Every structure is written in structure tokens, then in C-alpha cells.
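Here is a short briefing on aromatic contacts and strand pairing. Keep the structure open as you read.

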Amino acid sequence: MTLTLLFSAPERIWPTYEAVLTKALENAGLDARLTRDASPEEVDYIVYAPNDALTDFTPYTRAKAVLSLWAGVEKIAPNPTLTQPLCRMVDPGLALGMRDYVVGHVMRYHLGMDRHIHGLNGQWDHITPPLAKDRRVTVLGLGELGRTCAVALSQLGFDVTGWSRRPKEIDGLTCLHGPEGLAEALSSAEILVTLLPDTAATQNTLNADTLALMPKGARIVNPGRGTLIDDDALLAALESGQIGHATLDVFRTEPLPADHPYWAHPNVTVTPHIAAETRANTASGVIAENIRRSEAGEPLLHLVNRSAGY
């Protein structure tokens with residue numbers, strides 16, 4: 001019997017996925033029809049990214065799983081109509097893209113590259129950066145993306161501290177957790193990378209009080225969630241010199257409004273949500289494998305345990 005897969009995601013990504021995902025399903029030996037339009041009672045699986053077209057999962061009584069195209073599931077997991085199994089996307093392309101972005105900007109800050117890129121105006125300003133082992137970097141969030149970035153930085157020789165809500169152990173890292181651990185992690189963060197999920201507990205993690213805990217002149221890289229930062233508090237910390245510079249890839253409103261003060265601030269780098277993107281070729285393989293597993297009665301990959309949080 002032909003399986004029906006509903007592709008419920010923003011229309012702009014459909015041309016990218018249509019052919020690639022169809023091919024991945026064929027390669028997995030699946031007889032499946034991928035479509036953007038199907039009657040709910042016909043749908044066997046839902047490939048999903050948050051969109052206005054599908055917010056009520058109640059009619060999809062036949063669906064065996066909802067397969068997220070995103071690593072973060074905080075915008076779908078709390079939906080009370082979602083009773084089907086939910087799988088997050090753990091895409092190697094997504095993790096590698098995030099790693100490249102984070103390592104690039106941490107190295108930029110570590111080496112003081114902006115001073116040379118923007119020019120020294122004829123001054124022979126001979127400042128040698130420290131070795132990576134003498135630079136303290138903190139990564140907030142040790143999920144799949146945070147762990148990948150923290151390990152990569154550690155392998156480059158940086159003194160890396162990782163923080164998460166629950167205790168974790170990762171070779172090569174100093175791992176802290178809980179409120180007291182957060183204060184300790186921030187107090188040593190010469191460069192801070194924020195990769196926490198967007199939840200009620202993480203909103204405004206960086207605020208006036210927590211920014212004040214960081215070493216004066218610290219740098220921030222935020223490719224995680226725009227809600228992690230209190231924008232007014234960050235702008236104030238930048239003005240006072242408490243924070244030396246911030247590279248921001250995510251924002252509360254996207255696209256970032258043209259009149260937002262971040263655009264013109266000399267100590268802010270704005271990038272347009274490009275740190276990491278789910279790659280269609282690798283993500284399609286993950287989706288096809290999960291459907292194959294489901295049809296074969298095998299455990300699903302990256303199943304979200306919503307009772308334990310997400």
C-alpha cells in the first residue's frame with residue numbers, strides 16, 4: 001500500500017525538498033506519495049515545520065508520527081492536539097553548519113580580527129592574542145548543537161565550560177548545571193555562545209543581572225534563540241562597556257526591523273538567521289529512515305519524550 005506523507009511546512013522550502021525527499025524515500029525502499037495537500041484521514045506521516053496551515057492535529061487519526069524538520073520542537077511539542085509520536089530533526093548538516101558558524105565567530109573574537117578587517121588607520125598596533133588554551137569560552141545549552149560546538153572549540157584548545165539545565169558529562173569540558181552553575185559559567189565567559197531552546201525557563205537568560213556577572217568587555221555569540229536575550233539590557237551593557245561586542249543571528253522579530261538599534265550599533269554584528277539550516281539532502285535521509293523504521297516496527301530515531309520536557 002502506498003504511504004501518504006503530508007509535507008506541512010512553509011511553502012518556500014517545498015521546491016528544495018520535493019525531489020530530494022522523494023528520492024530518499026525511494027532509496028529507503030518505501031512506496032510513498034509526498035504531497036502538500038491530502039485529506040487528514042489519508043495521511044500516514046506528517047513532515048512538519050511550524051506553519052499557519054496546520055495547527056490542529058486532531059483530524060490526523062491515521063498518522064503514525066510527526067517528523068519535525070527542526071532540531072527545536074518547542075513550537076510544536078506543547079500543542080495539546082498533538083497526540084501522535086513526535087521526532088525531532090537531528091541532521092548532521094544542521095550540526096555541522098552551526099559548528100562552522102560558532103567556531104568562525106569565536107575565532108574572530110579570539111584573534112581580534114575586526115580590528116584588522118576594519119583597519120588600524122596607519123597605526124602599527126602590535127597586540128598578540130593569547131593562545132586558545134588561555135581563552136575561556138562558555139556554551140549555554142548542551143543539546144545536540146551545543147555539544148557539537150563545545151566539543152569543537154575544546155578540540156581547538158579553548159578552555160570550554162558548558163552549562164545545561166540538568167547535569168551532563170562531556171569529555172574535555174567543564175560541565176555545570178542549575179542556577180548556581182549558570183552564575184559560575186557566566187563569570188568565566190570571555191566569549192559566550194548561547195544555544196538554549198526557547199522555553200519559558202530560558203527567556204531572557206541574558207538580562208541585566210546575568211550580563212553583569214560576565215567579565216567586563218566579554219563577547220557574545222547568539223545563534224540560538226532571539227528570546228534568550230533581553231534586548232534592552234544587552235544594549236545598555238554594550239553602551240557601558242560591560243559587553244564588548246555581540247554577534248546576533250536570531251531575533252524576537254524576524255526579519256529584524258530596519259529601524260532596530262542593533263543594525264546601526266557599532267558593537268553589534270547582525271547576521272540574518274544563517275548560522276544553521278536543515279540541509280534537505282541530509283535531513284531527507286533522516287526522515288526516510290524514520291519512516292522505514294516505523295513501517296518495520298523498529299524504534300523511532302530522536303523520539304521526543306514530552307512528559308520529561310523537550
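Are phenylalanine 251 and tyrosine 262 buried or exposed? Both residues are buried. Note that this is a predicted model.

**Aromatic pairs**
- The structure holds 4 aromatic pairs.
- Phenylalanine 7 and tryptophan 14 make a tilted pair, because their ring planes sit at 55°. Their centres are 5.2 Å apart.
- Phenylalanine 7 and tryptophan 14 are both buried.
- Phe7, Trp14 and Tyr17 are joined into a cluster by ring pairs.
- Phenylalanine 251 and tyrosine 262 also form a tilted aromatic pair. Here the distance is 6.2 Å centre to centre, with 50° between the planes.
- That pair links distant parts of the chain, with its two residues 11 residues apart. Phenylalanine 251 lies in the loop between strand 11 (243–248) and helix 8 (261–264). Tyrosine 262 belongs to helix 8.

**Strand 11 with strand 10**
- Strand 10 (residues 218–222) pairs with strand 11 in the parallel sense, over 5 bridges.
- Across this pairing, isoleucine 220 stands opposite alanine 246 of strand 11.

**Strand 11 with strand 12**
- Strand 12 (residues 268–270) pairs with strand 11 over 3 bridges, in the parallel sense.
- Leucine 248 stands opposite valine 270 in strand 12.

Conventions:
Residues numbered from 1 in each chain as written. Predicted model: local features only at pLDDT ≥ 70, side-chain atom pairs only at ≥ 80, totals over all residues. Heavy atoms only, no water. Phe/Tyr/Trp six-rings, centres within 6.5 Å; stacked < 30°, edge-to-face > 60°. Buried < 20%, exposed > 50% of the residue type's maximum accessible area, 1.4 Å probe, protein only. Helix = DSSP H or I, 4+ residues; strand = E, 2+ residues; numbered from the N terminus. Pairing = 2+ DSSP bridges.
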